[in-house]
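Me: I have a structure open and would like to go through it piece by piece. Can we start with the sheet and then do the charged pairs?

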Amino acid sequence: MEADIVIVGGGPAGLSLAASLSGNGLAITVVERLALENLADPPFDGREIALTRRSKRILDELCVWQRFPATEVAPLRRAEVLNGASPVTLAFERGGRIEGVLGWLVSNQRIRRELYDAVVARPDIQILADTEVVAVRSGARQAEVGLADGRTLRSRLVVAADSRMSPVRNMLGIDAQIHHTGRSMLVCRMEHERDHRRVATEWFDHHQTLALLPLNGRTSSAVVTLPSREAERLAGLDPEAFNGEMGRRFGWRLGEMRLISTRHAYPLAVTWSHRFVAQRAALVGDAAVGMHPVTAHGFNLGLLGANGLAREILRTASQAADPGSTRGLRRYELLHKLACRPIYDGTNGIVGLFTREDPVSRVARSALLRAARRLPIAQRSVAMLLARR
């Protein structure tokens, strides 16, 4: 089988890349190990994505943003950062033309569904679902992707968009820095008594990190990051006990809380690929950079990377008639690393400081929040990491 570009991974990064490339005379094949029904109608997975204005523009250009029902888009107007029991609160708001909106919350389920619907009918995109990749080879003239059913796809470029533990990245011989944190993120939707006023709260409490992301109505996405065994225990409680414990963990900030969705726990691993490209190959999304979720940058960086790679592919394809041109891939790698590295390092630094429990770290994070409240430069620096959604 022949294609110009093979994208391995039918998640948001892979599908947005396919959509960005469509309509430019390229034959695109997306390979996904999940069954077609999981792509067409993905199940709720608990994750709510905080989309930046730049991500909104990209989705708008892909004719995806318009597909979101208004009832499933929740504007975010303010974010607050808390440190344990300290009375110091660091707050971020966004003024401007769009009514001071800081960002928008949309479920990962809805984003995946609308991206799939946006690409499935396009004649230049072929989707091979329920298909596993078992081998990848890239050479000077072409790349080959071996499938579990014995078929081989030949293309001029192969793109790994298949998760932060990317098997394709390993097949390409690209090393990655992988940090297993030993912690898990528990996510679910909760109803609550009080109005959240569209304020997101990030609470670095002792031995746990908490977040409440405001959805429409008196509903929030609750995020609790704990040692994995404790997260599993919390996820296994009966609903009544779970409601009580979640209320206590969040200090009854929004009154009584009630579970209204399924619960999902995700082990946390942070990854950085040493290279984002190889000969006739590239990495996008979590395959390139797997961010810690605390600053909500992971999805947005993945969307930015897919958009940037598409731009370089189309530029070099128009100039050299070769979408796998080394020059274009190297330019993508340089620009995407420049965009990701400061945020990746800064996020990891923030997480390290705010999750350590030694006396020095407690003093240091209190000092950081106080400085950020008083100094505009410090506040902007912290805002880029904690609230620039």
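What follows is a short chat about a sheet, some salt bridges and a surface patch in this predicted model.

Me: What is the strand order in the open sheet of three strands?

Reply: The order is β3-β7-β4, and the pairing is antiparallel. The edge strands are β3 (48-51) and β4 (74-76). Each has a single partner strand, so one side of each has no neighbour in the sheet.

Me: And the twist from one strand to the next, what does it average?

Reply: The average is 30°.

Me: How many bridges join β3 to β7?

Reply: Four bridges join β3 to β7, which covers residues 103-107.

Me: Which side chain does E48 meet in a salt bridge?

Reply: The side chain of R189, at 2.7 Å from N to O. E48 sits in strand β3 and R189 in strand β13 (residues 176-192), so this pair links parts of the chain that are 141 residues apart.

Me: Is E48 buried or exposed?

Reply: E48 is buried, with a relative accessibility of 9%. R189 is partly exposed, at 26% relative accessible area.

Me: How many salt bridges does the count come to?

Reply: The count is 23. Among them is the one between D41 and R113, where the closest N and O atoms are 2.9 Å apart. D41 is in the loop between α2 (36-40) and β3, while R113 is in helix α4 (residues 108-119), so the pair ties together parts that lie 72 residues apart in sequence. R113 counts as buried, because its relative accessibility is 17% and the cut-off for buried is under 20%.

Me: Which residues are linked in a network of salt bridges?

Reply: E230, R233, E245 and R249 are linked that way.

Me: Changing topic: helix α9. How far apart are K337 and E333 there?

Reply: They are four residues apart, about one turn of the helix. K337 and E333 form a salt bridge, with 3.9 Å between the closest N and O atoms. E333 is buried at 10% relative accessibility, whereas K337 is partly exposed at 24% relative accessible area.

Me: Which residues form the nonpolar patch on the surface?

Reply: L334, L335 and L338, which together have about 290 Å² of accessible area. L338 is in helix α9, which spans residues 326-355.

Me: Why does L338 count as exposed?

Reply: Because its relative accessibility is 57%, and exposed means over 50%.

Methods. Residues are numbered from 1 along each chain as its sequence is written. This is a predicted model: local features need pLDDT of at least 70, side-chain atom pairs count only at pLDDT 80 or more; totals for chains, interfaces and linings use all residues. Side-chain values use heavy atoms; hydrogens and water are left out. Two strands pair if DSSP finds at least two bridges between them. Helices (H or I, at least four residues) and strands (E, at least two) are DSSP runs, numbered from the N terminus. Axes are lines fitted to C-alpha atoms, for helices over the stretch in contact, and angles run from 0 to 180 degrees between N-to-C directions. Patches are made of residues with over 30% relative accessible area and no salt bridge: like charges are joined within 9 Å, nonpolar side chains (Val, Leu, Ile, Met, Phe, Trp, Tyr) within 5 Å. Accessible areas come from the Shrake-Rupley method with a 1.4 Å probe; for residues, only the protein chains shown count as cover. A salt bridge is a side-chain nitrogen of Lys or Arg within 4 Å of a carboxyl oxygen of Asp or Glu. Buried means under 20% relative accessible area, exposed over 50%, partly exposed in between (1.4 Å probe, protein chains only).
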